[in-house]
Every structure is written in C-alpha cells, then in structure tokens.
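Open the model in your viewer and keep the selection panel at hand. The stops below follow one after another.

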Amino acid sequence: MTRKQKRLAIIGGGVTFIVAAVLLVMFAFSQAIAYFYVPGDLAKAHLAPGTRIRLGGLVENGSLKRGDGMTITFSVTDTLDRVPVTYTGILPDLFREGQGVVAEGSFKDGSPVFVADTVLAKHDETYMPKDVADRLKAQGVSLGGKENIQ
Amino acid sequence: MIIELGHYALVLALGVSLLQAVLPIIGALRGDRALMEIGTVAAKATFLLVAISFGVLTYAHVTSDFSVQNVWENSHSQIPLIYKFSGVWGNHEGSMLLWVLILTFFSALVALFGDNLPETLKANVLAVQAWIAAAFSLFILLTSNPFNRLLDAPGEGQDLNPVLQDIGLAIHPPLLYLGYVGFSVCFSFAIAALIEGRLDAAWARWVRPWTLAAWTCLTAGIAMGSYWAYYELGWGGWWFWDPVENASFIPWLAGTALLHSALVMEKREALKIWTVLLAIMTFSMSLLGTFLVRSGVLTSVHAFATDPTRGVFILMILILFIGGALSLFAFRAARLKAGGLFAPISREGALVFNNLILTTAAATVLTGTLYPLALEAVTGSKISVGPPFFNMTFGLLMLPLLLAVPFGPLLAWKRGDLLGVGQRLFAAVAIGLVVGSAIYYAQNGGPIMALFGIALGAYMIAGSLTELYLRSGLGKVTGAVALRRLSGLPRSVFGTALAHIGLGITLIGIVAVTAFETEHIVEMKPGMTTDAGGYTLRFDGLRNGNGPNYSEESGHFTISRAGVAVADVWSSKRFYTARRMPTTEAGIRTFGTSQLYVSLGDGMADGGVVVRIWWKPMILCIWGGALFMMAGGAVSLSDRRLRIGAPARARKKKPLLEPAE
C-alpha cells in the first residue's frame, strides 16, 4: 500500500465507525429514554400504552396500601391530579407519605393504573427530586418549607 | 486561632501558586535558571501550605469544633473517630480542599522527581500546574471556605450524612481524586509541550508513568465506589449509569486511550498530535466531572448542599482551561511534526483502533450524560437517560474492542500479520468456546448473549496469556529456559497481560450477574425459609440494638445448603437519630466469587418482615478484574524503562572516604 492508501484506509475506517456510533446513539435516544411527567401532564400527553415514563410527584397522604404479598399501591399527586401506582418490591428507605417520589414504569393497555418497576426517593430527608419540585412550582403548588431543596 | 491559621495557609498557598504560575514561564523564555528554579521551590511550598490547611480542617473535625460552620454542618460529637477523619472530605468544602491538596501533591512530586526533565519543560509544567491550583484555591476561598466560623458555637453538630458513615468514604474519594487530578500532570505536560513547540518520544516517556499512576488510582477509585454503592445502598446494584458515575468513567475511558496512544508515541514517534490532544481532553473530562458533581446541576448523593455561584465559578474555570488549552492546541499543533508511518494492520494500527473505540465510547457516555441537561435548557422537557441507553450504545461500541484485545499485543510494530496472529490465538478461541458451552450445559441453556459474553471473557483471558506463553517459548524449550525467558521480559509485558486479563474477568462478572442473578422478594416470619441460588435461608427473627449515633433493627438469617447450615448473616435497618434518616445495611455472604445479598424491608402488621434476597453469581469478578487491572498498572509502572529509561543525569559519585587534604 502506498502512503496515501494507508492513510485513507485508517481515516475511512475511523469515519465509518464514528458514523455508525452516531447512528446508534440517535437510535438509542429514540428508543431508550424515559420522559418525565407529573400527574397533571398525563391527560395532554397521549401516551401509547407501554411507553416507559417517569412519573413524579408527592405520595398522597393516606393512599399507601399494602396488598397481597409484596404488592404496594399508592397515589402520586401534584396536589391537583392524582395517579394510582402499583409496585412490587421493597420501597426505598426514604419513601414516605407526603414526600417526593419518582416512579419509573408504564401504563398497561388502557389501564389507568401506573405499573412501576422502580421507585426512587433519595438519600436526604429534605430531598425532593428536582424534577418534581420544578414541575410543582410550574403548576403553582407552594412547597412551603421545602423550597430549599437540592 | 488554629482555624484561622488554616485559612491563612490557604491564602498563602494561593499567593505562592500565583508566583509559581508566572515566574517559571518567564524564566523558561529568558533562559533564566534562577526564575525557573522558583517553580520547584514554590511547588513544594504550596503543597506544604495546603497540607497545613487541610491538617487544620482535619483537626477541627476530629476535635468536633462546632464553631466552624463546616464541622457543625457535617459532623457530630458521637460519630466514631474514623468518620470524623473521613468526614473532612464528606462535604463540598472539604472535598474541594482535598482536590487541591492532591493537585499540589502531584506538583510537588513533579518538582521532586523531575530532575531528569529538561529545565524549561519542568518549569512550564509546574507553572501550568500552578494555574490550576490557583484557580481552585481561589474557588475555595471565594465560594466554599471551609474555615467559616459561626458566631455562637452550637453545642452539637448536624451529623454526617449516614450513607457516608462508612469506611468507603475514607477510601473512595482520595483514590478517585488521585486518579482524576493525577491526569492534571499529563495536561500540564501537554500544555508545556505546546508552549515550547517541542514534542518527541522522550516526552511520551515522561508522561507515561504519570498517566499510569493516575489511571491505576482512578481504576481503584471507581471500583471502590462501585463496591461501596453495591453494599451500602441496599439495592444490590453495582453500577447505575448515574451521571456522577459517568463523570468519573469518562476520564477513565479517555485516560485508558491516552495510556495506549502514549505507547505508540514513545515507541514509534507517531500519533504525537493526537496524544497531546488526548492528554488535554482527559483532564478536561476530569474538570467537567468536577463541575457536574460539585456544581449542583445534577441531583445526587454526591451533590452536597448546593449554591449557584459555585456552579458558575467552576463553569468559568472549566471554560477557561478547556477553551484555553484547545486554542493553544489549535495554534501550535501544526508546528509539531507528524511521526512515523505504519500499515493499518500493525501494533500501531491496533492501538489506533483502541483509541478510536475508547474515545467514541467516552463521547457516547458524555452525550448521554449531558443530553438531559441540554434538552432541559433548550426545550424545557425532562428526560431520563438511564441504563437502557448506555447498555445499548456503550455495550455495542465496546464489543469490537473486546474482541480485538488479545490481537493487539501479538501484532508486530509497523506491519503486522493478522492471519498469523489469528492462528496463534486459535487455542484462546477454542478455550472461549469450551467455556461458553460448559456454561450452556451447566445452566441448561441460558440467554445466547450471556453465553457469548462469558465465552468472550474467557477468550480474552486466554488470549492475554497466549502472549506470555509464546514469548516464553514454552513447549519448544525446556521449562527452565522458558522461565528464564519470562523473567527476562520487560515488566510492561506482564502489566499489559494482567490488565487485559482483568478486563476479561470483569466482563465475565458483569455478564454472569446480569444474566444469571436471581431476586426474591418475600414476606418472612420467624422460622420461614426461602431458596436462593441453591442455598436455603431461614429467617430466625429480629433484634433491636443501638450504635453510637443510631438505633437499628437487625434480622438474623441462617444459610444452609442441602440441609446443612453453612453460614449466617445479619441484615439491618438503621435509623440515624441526628438527621432522622433511615438506611439499609444489607447482609452479604460470599461463596467463592458469588454472593447472597439480603436486604430488609418494612415490617408488616402481622409480625412478618419484607425481605429482598439476591443471588449474585460471580459478582466479585467485577471488582476482582479491577484489581487485576490495577496490578497491571502498578507492574507497568515499575518497568525498568520508565524508571531509568528516561535520560537521567548521572548521579554524582561520592568517594567513600574524603581525600585528606
């Protein structure tokens, strides 16, 4: 191979790989990310059944119920709307009624119940997911003493 | 009074760094030795001053001096002594001070061990180090002063975040920073070379040990952080693709690329410009990581209390250094002569392939980490980019590299023989296939990707051993000769093999856990049993206890196999009284490289308790592999070439006896 051909081979291979990587990243962005919603957004969102989303808000006071076995139901609220959630597993240490929570999962066909496979509440007693706080503020909900959050 | 001394020492350190940032460069321009020598003295002095400052903060924490705001916010008189020490960096201010301490430590090391460097290069390197030190000292003094006093000293502190009350906090951040910040030396070398406009193989030889040292520490820091998250958080996960984890992983990927490209430059004088760019990018990624973690743009356990001015300040530092470095690169890179030529199929070609994939993978992780921030800033919509994205992109991109790992060291420099290497790797491929099919039978099938992944890991291990086997000539010569040949090999050959073997081991661990772990969530009452991973766990009951600053409820489990009790484990939930915060202390039992992981959930009304039990097959391979990689880094670092290969000044021989005069 001549000098020029060698260089072309290396540059060509590199460019091909990078283009493939970019396409892969774009494909993954279209497939593998979850949008964040609070209950009030859902009516406008028109989600296809089974779309993975993150649902954030406060755990409604008095809504936490333990069903048979490990299944837990509770409601996530932005104080205006609420969404019932079921979750099977152990809740995080900081999960409490009246506190912020983010549930990841989807709505199954036509059901109004959100099936969560992951429930997050973070490692600080005053923690509310930033997403939740921002959305709640945008909806005009006063967070009272919880304004000063991470 | 002592506290104020710590504050003054830090101010003084800033002053000395400013001198160190300017005078040596002027000295290097004018050829003034005295001015250049100031860099060496100042680097040692700055380190000493920052160390004093850090020592004072440690003193305040250990003596629980709650008149210091930082101590009051992050400590408690009742916590065990070790957490009073580690609590020094378990908060924003202290952790930035540790950052600067380690930065000045590396500058001092360059000053101490840089005698064999050309005078001007050393002066410029130390000056660039001082720019960084000055910027971050200023950041601490203006926005994050750990020595702020409270007017009325409270009687008790607010306690250290319970999640951080663990031995992990004593080890993980210092190791991580040694890696992160260690790359600053590579950055400074790159900038110094650009300032001088001179770059040769010797430069690569000087940079390589620093890269190796930083890389080894970063590997250790990341692995330690992963293991810590695994046992402390109680979720049984070891990597979450959390932005903060990515912030440390991106410099690791870039640093790994740098390690390999510096090799090409050192041996063949090729890839010079690329290596310099990579050195700049690696530390830039460290800076970006510092920004992401410390500025509060991300919510995470690592973002302690946040304050917008800090974010803006670090962002300014970031723009200044990355922008400045890249501009300098753009102006000066053309002056650097391109190096030797090589065929696409050659050792150099393989290392280019390595660099291409590692940097693309790093860019992918970076994109996934920053995309949510960018999208929110531009459109306001919020997304989470989580494990599905990273597994899909990063996993697929790395695959060709993993396949190629055993090929690299077997290819010849300049012009390699791919077919010949393939033939020599025949045994390694066979071993991979055998292991894959063995797993297939042992698991009665199993996901095809998992079998492929484990086979790939086995092939990488066998392939890395192939090089040692071939170079020893085992099978062709007698054992004694082979052993002599092996011991004659440069240590870096063993380092390479160890690191590549480690990668294979980690891969096997990751694949095995991902594919074959089992999870059971059950409600258990005392006396009940559950099966997991071939073991039976019997729940014996709960017990209440008290620690120094927490109360806890612990469940006791007896683990038996085929009816015979083999082990027992305690799993607890703690409640930290000062912060009114619960934590889960998982119970973990190790069997070979596999683990049983027991996490306690909520108590039920009828006296039962929810228990989450994982069987984690071969999970220890993940961190065991990292240990191999670290060993590889350490062994390479001890290579003769790096110790004495760099042109060293002849030591002055002292006559044993002074001649009588």
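Which strands form the open sheet of four strands in chain B, and in what order? The order is β2-β10-β9-β8 of chain B, and the pairing is antiparallel. This is a predicted model, in which local features need pLDDT of at least 70, side-chain atom pairs count only at pLDDT 80 or more, and totals for chains, interfaces and linings use all residues. Residues are numbered from 1 along each chain as its sequence is written, while chains are lettered from A and ligands numbered from 1 in the order in which they are written.

**Stop 1**

Strands here are DSSP runs of E with at least two residues; helices are runs of H or I with at least four; both are numbered from the N terminus. Two strands pair if DSSP finds at least two bridges between them.

Now select β9 (residues 594–603) of chain B. Seven bridges join β9(B) to β10(B), and the two run antiparallel. Show Tyr597(B): its bridge partner in β10(B) is Trp614(B).

Move on to Met618(B), in the loop between β10 (609–616) and α20 (620–637) of chain B. Its phi is positive, about 55 degrees, although Met618(B) is not a glycine. Is Met618(B) buried or exposed? It has 21 C-beta neighbours inside 10 Å, so it counts as buried. The cut-offs are 20 or more other C-beta atoms within 10 Å for buried, 12 or fewer for exposed, and partly exposed in between, with C-beta atoms placed from the backbone.

**Stop 2: the five-strand sheet of chain B**

Select β3 to β7 of chain B. They form an open sheet of five strands in the order β3-β4-β5-β6-β7, paired antiparallel. β3 (529–532) and β7 (581–585) of chain B stand at the edges; each has a single partner strand, so one side of each is left without a neighbour in the sheet. Neighbouring strands are turned by 25 degrees against each other on average, direction ignored.

Zoom in on β6(B) and β7(B). Five bridges pair them in the antiparallel sense. Tyr576(B) stands opposite Met581(B) in β7(B).

Then pick Ala562(B), in the loop between β5 (550–561) and β6 (564–576) of chain B. Its phi is near 50 degrees, a positive value in a residue other than glycine. Ala562(B) has 8 C-beta neighbours inside 10 Å and therefore counts as exposed.

**Stop 3: all of chain B**

Zoom out. Chain B holds 21 helices and ten strands. Its radius of gyration is 27 Å, close to the 26 Å that the globule rule gives for 661 residues, so chain B is as compact as a globular protein of that length. The radius is taken over C-alpha atoms, and the rule is 2.2 Å times the number of residues to the power 0.38. Of the 661 residues, 52% count as buried.

**Stop 4: where the chains meet**

The contact takes 31 residues from chain A and 38 residues from chain B. Two residues are in contact if their C-beta atoms, placed from the backbone, lie within 7 Å. On the chain A side, α1 (3–31), β1 (33–37) and α3 (130–138) each give two or more residues. α1(A) gives the most, with eleven residues.

Select β1(A) with β1 (residues 383–385) of chain B. Three bridges join these strands, which run antiparallel. Ile33(A) has Val385(B) as its bridge partner.

**Stop 5: β2 of chain A**

Finish on β2 (residues 53–59) of chain A. Seven of its seven residues are buried, so β2(A) is largely enclosed by the rest of the structure. Follow its pairings:

- β1(A): parallel, over three bridges; Phe36(A) has Arg54(A) as its bridge partner.
- β6(A) (residues 100–107): antiparallel, over six bridges; Leu55(A) partners Ala103(A).
- β4(A) (residues 71–77): antiparallel, with two bridges; Leu58(A) partners Thr77(A).

Definitions and conventions: Axes fitted to C-alpha atoms, helices over the stretch in contact; angles between N-to-C directions.
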